[in-house]
Amino acid sequence: MHAEPELFHYTLGLADDALVLGQRLCEWCSNAPFLEEDLALANVALDFMGRARMLYSHAATLEGAGRDEDALAYLRDCREYRNLLIMELPRGDFAFSTARQFLVDAFNLPFLEDLCRSRDPELAGIAGKALKESRYHYRRSRDWVLRLGDGTAESHRRLQRAFDEIWGYTHELFRAGEAEQRLVAAGFAPDRPALRARWEALVVPVLAEATLRRPEDAWSVDGGREGTHTEHLGHLLSELQFMQRAYPGLQW
Amino acid sequence: MVPGQHMPLFEVFIRSRRGLDHKHVGSLHAETHQQALEYARDCYTRRSEGVSIWVVRSGDIVASQEEDAGEFFDPMDDKPYRHATHYRLPPEVDNM
């Protein structure tokens with residue numbers, strides 16, 4: 001099988017996931033509830049930025065078309081972005097960001113564990129580094145879910161609302177298009193549908209312990225991997241890409 | 001956490017590498033010991049400054065008082081024989 005073009009698109013999707021979520025987390029910088037949490041969140045954000053850089057660089061190599069990591073991050077439009085929708089939703093209140101982070105961190109653990117065994121040694125190496133970070137991220141976001149869910153009436157209400165609003169976006173984490181399924185069969189990519197049980201084992205007991213109700217699987221949306229995004233991604237990119245769009249080639 | 005009310009204060013101690021002592025590096029606010037440990041990791045070890053962290057509630061530290069300085073410390077001033085200053089240390093012995 002000739003894997004390069006498919007592996008390029010796959011890696012690009014993972015890079016977009018990391019960049020867009022990292023950007024959402026960066027929006028908390030100087031806006032978090034208190035100083036210590038501000039620093040901690042920025043730390044997590046930078047982990048995702050570092051992940052995005054490694055993945056974009058690798059994607060650029062796989063593409064072999066002369067584009068570098070910056071060209072991939074700053075010079076693609078909304079419809080060319082391949083991130084999952086859950087990553088691009090606005091940061092909302094602290095409860096919403098906590099719920100999103102917890103669900104994504106819990107997904108990243110089994111996903112990265114399996115990606116460590118990818119036949120692509122570069123992807124496996126990036127996954128190995130990211131896995132250590134994600135273990136810490138999950139520990140933090142799990143703590144916050146317990147703290148807010150089992151906290152005051154207000155924090156409980158807001159966190160439950162956040163999980164209800166975001167739950168339908170989690171299904172996209174477990175979907176794979178045909179190209180990705182070929183990469184799974186060839187040993188390059190983790191099998192997303194098969195990760196669900198391990199994800200639920202990290203999510204459902206914590207919700208119960210936090211006195212939260214697991215939302216119903218009543219609705220779901222997807223389309224991020226095909227470039228069909230929510231209205232929010234364009235606004236995010238206009239801020240993220242402003243400098244390179246206004247001053248092409250600018251460096252500092 | 002009640003708005004406008006500070007969470008408990010913790011003191012943070014970091015051991016920068018094996019063989020050295022934990023050193024006081026600063027303080028932070030957190031709800032619990034566990035959270036204090038995680039914030040210490042995020043606030044004070046971002047540039048790989050440490051291999052081990054201690055946190056302790058600031059209120060649990062018993063400190064000597066300024067007015068006790070006379071009876072606590074002055075009597076040591078005239079006992080130079082207690083200082084091991086006359087030994088020449090080989091350069092291999094660091095951190096003494």
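Predicted model: local features only at pLDDT ≥ 70, side-chain atom pairs only at ≥ 80, totals over all residues.
Local features need pLDDT of at least 70 and side-chain atom pairs count only at pLDDT 80 or more, while totals for chains, interfaces and linings use all residues. Residues are numbered from 1 along each chain as its sequence is written, and chains are lettered from A and ligands numbered from 1 in the order in which they are written.

**Exercise 1.** Describe how H2(A) packs against H6(A).

Solution. 
- Step 1: Helix H2 of chain A spans residues 35-63 and helix H6 of chain A spans residues 121-149. Helices are DSSP runs (H or I, at least four residues), numbered from the N terminus.
- Step 2: The two axes come within 11 Å and cross at roughly 165°. Axes are lines fitted to C-alpha atoms over the stretch in contact, with angles from 0 to 180 degrees between N-to-C directions.
- Step 3: H2(A) is therefore roughly antiparallel to H6(A) (under 35 degrees is roughly parallel, over 145 roughly antiparallel, 65 to 115 roughly perpendicular, the rest oblique).
- Step 4: Residues of H2(A) in the contact include Val44(A), Asp47(A) and Leu55(A), and those of H6(A) include Ile126(A), Glu133(A) and Arg140(A). Contact requires C-beta atoms, placed from the backbone, within 7 Å.
- Step 5: By class, seven nonpolar, two polar and five charged residues take part (Ala, Val, Leu, Ile, Met, Phe, Trp, Tyr, Cys and Pro count as nonpolar; Asp, Glu, Lys and Arg as charged; the others, Gly among them, as polar).

**Exercise 2.** Describe how H5(A) packs against H9(A).

Solution. 
- Step 1: The axes of H5(A), residues 94-115, and H9(A), residues 196-209, come within 9 Å and cross at roughly 140°.
- Step 2: The pair is therefore oblique.
- Step 3: H5(A) contributes Leu103(A), Ala106(A), Phe107(A), Leu109(A) and Pro110(A), and H9(A) contributes Arg198(A), Trp199(A), Leu202(A) and Val203(A).
- Step 4: These residues divide into eight nonpolar, no polar and one charged.

**Exercise 3.** Which elements of chain A give two or more residues to the side that touches chain B?

Solution. 
- Step 1: Seven residues of chain A are in contact with nine residues of chain B.
- Step 2: The elements are H2 and H6 of chain A.
- Step 3: H2(A) gives the most, with four residues.
- Step 4: The side of chain A has three nonpolar, one polar and three charged residues.

**Exercise 4.** What does Tyr56(A) touch, not counting residues up to four places away in sequence?

Solution. 
- Step 1: Tyr56(A) touches Ala15(A), Glu69(A), Leu72(A) and Ala73(A).

Definitions and conventions:
Contact = placed C-beta atoms within 7 Å.
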